[in-house]
Amino acid sequence: MEYMKKISLLLLLAFLGQVQAQRINAYINSGLMTSQIEGDELKGFDHWGYTGGVGAIVNLTDNGFWSLGIETDYSCRGVFNNLKNSSNPYNIRLNMHYVDIPLTLYFSDPYGGVTVGAGFSYGRLLAQPHGKVDFNPDFYVPDSSDMAFLKHDVAAALEIRFPVWNNLYLSGRFQYSIIPVKRDWHFSKDGDEWTRDCYNSALSFRLLWQFGDGDNRKYAKKKKGRRR
């Protein structure tokens, strides 16, 4: 875990060093993440976990409409199902703890202040999940003796941000793994057997506090005005 912190710090410093001549705004974020694992034969985003971290965003254009952001976040993804409240086939609770490094290209609406972004995120699994699985014998179940997930999670991500008050923003981000986080998980039901690849799917809701002048476009307008 210690070397992942060092890698994340080096990546952030390298990013900031490349754009030191531009306007940079740092921010912190904190919120909740709801997630599921595609391929586990369950339905619904029933697993809730914490997500939060630090980031920086830099203008790519003088008008501030286009910007690039990088973050280092902690995220708890996983899978949860309780047969008492669901028709899904088995009980399970797995917490998967990741360090995420998303890189996102943003466009800011010049009128409404809404910012949309798209990019990719690299996640490093900090520890293999441990969870108790209770089976309903009338349904298909996964092989609970094989709980090893891949350590790397590469995901595509979409994000939208809304200004709330001064330097405070509300962010909604959806991400989906583009490579499996677990391969060939074995399932069986009534004598039938099959395997599935699994992918993380997550939706997060966060509050962001941006240091400095807040909206990058305010700085861009001031900068433009000084040139006249």
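Mentor: Rings of Phe, Tyr and Trp (its six-membered ring) pair if their centres lie within 6.5 Å, and planes under 30 degrees apart count as stacked, over 60 as edge-to-face and the rest as tilted. This is a predicted model, in which local features need pLDDT of at least 70 and side-chain atom pairs count only at pLDDT 80 or more, while totals for chains, interfaces and linings use all residues. Residues are numbered from 1 along each chain as its sequence is written, and side-chain values use heavy atoms, with hydrogens and water left out.

Trainee: How many aromatic pairs does a search of the whole structure find?

Mentor: The search finds seven aromatic pairs. In one of them, the rings of Tyr176 and Tyr199 have centres 6.0 Å apart and planes at 15 degrees, so this pair is stacked.

Trainee: Which pair do Phe187 and Trp194 form, and is Phe187 buried or partly exposed?

Mentor: Phe187 and Trp194 form a stacked pair, with 6.2 Å from centre to centre and 10 degrees between the planes. Buried means under 20% relative accessible area, exposed over 50%, and partly exposed in between (1.4 Å probe, protein chains only). Phe187, at 0% relative accessibility, counts as buried, whereas Trp194, at 24%, counts as partly exposed. Ring pairs also link Phe149, Trp185, Phe187 and Trp194 into a cluster.

Trainee: Where does Lys182 lie?

Mentor: A charge sits over a ring if NZ of Lys or CZ of Arg is within 6 Å of the ring centre and within 35 degrees of the ring normal. Lys182 lies over the face of Phe149, at 5.2 Å from the ring centre, and the charged end of Arg77 sits over the ring of Tyr98, 4.1 Å from its centre.
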